[in-house]
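Let's take a walk through a protein chain together. Have a look at the picture first, then read on.

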Amino acid sequence: MAAPMDLELNKAFTELQAKVIDTQQKVKLADIQIEQLNKTKKHTHLTDTEIMTLVDETNMYESVGRMFIFQSKEVIHSQLLEKQKIQSVKEAEDNTREMLMARRAQ
């Protein structure tokens, strides 16, 4: 009678252990993604701050692939602001997803 109980406990333990490992991997991946988004967000903010200190007549070029396109200061500024907004939305979506996954696990 003890042997079937031990087998069931062992099976449940291995399943639980697999879930823990999977969850830890997902958490690490989410942390890496959040860190990358934060770095990109900070870089975008610093770039925008530097661009705003320049004179309006300054020639500016946007990198597109392996070439550069002439753009006005306003266009580049608006693109950087849009990029910051998109990153904020992605971060909020990731946080919401994490909360939902945590609740489902409970």
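What radius of gyration does the chain have, and what would a compact globule of 106 residues have? The chain has 24 Å, while the globule would come out near 13 Å. (The radius is taken over C-alpha atoms, and the globule rule is 2.2 Å times the number of residues to the power 0.38.) Along the principal axes, the C-alpha atoms fill a box of roughly 85 × 30 × 15 Å.

A quick word on what you're looking at: this is a predicted model, where local features need pLDDT of at least 70 and side-chain atom pairs count only at pLDDT 80 or more, while totals for chains, interfaces and linings use all residues. Residues are numbered from 1 along each chain as its sequence is written, and side-chain values use heavy atoms, leaving out hydrogens and water. The pLDDT is the predictor's confidence in each residue, from 0 to 100. Here the chain averages 81, and 93% of the residues score at least 70.

Now follow the chain from the N terminus: the elements run α-β-β-α, which comes to two helices and two strands. (Helices, H or I with at least four residues, and strands, E with at least two, are DSSP runs numbered from the N terminus.) Confidence is highest in strand S2, at 91, and lowest in helix H2 (residues 73-105), at a mean of 77.

How much of the chain is buried? Buried residues make up 12% of the 106. Buried means under 20% relative accessible area, exposed over 50%, and partly exposed in between, using a 1.4 Å probe and protein chains only.

Next, the charged pairs. The structure holds three salt bridges, each a side-chain nitrogen of Lys or Arg within 4 Å of a carboxyl oxygen of Asp or Glu. In one of them, Asp 22 pairs with Lys 26, with the closest N and O atoms 3.5 Å apart. Both sit in helix H1, four residues apart, about one turn of the helix. Glu 35 and Lys 39 make another, also with 3.5 Å between the closest N and O atoms, and they too are four residues apart in H1.

Lys 73 and Asp 56 meet in a salt bridge at 3.2 Å, N to O. Lys 73 lies in H2 and Asp 56 in the loop between H1 and strand S1 (60-64), so this pair ties together parts 17 residues apart in sequence. Lys 73 is buried, at 6% relative accessible area, whereas Asp 56 is partly exposed, at 49%.
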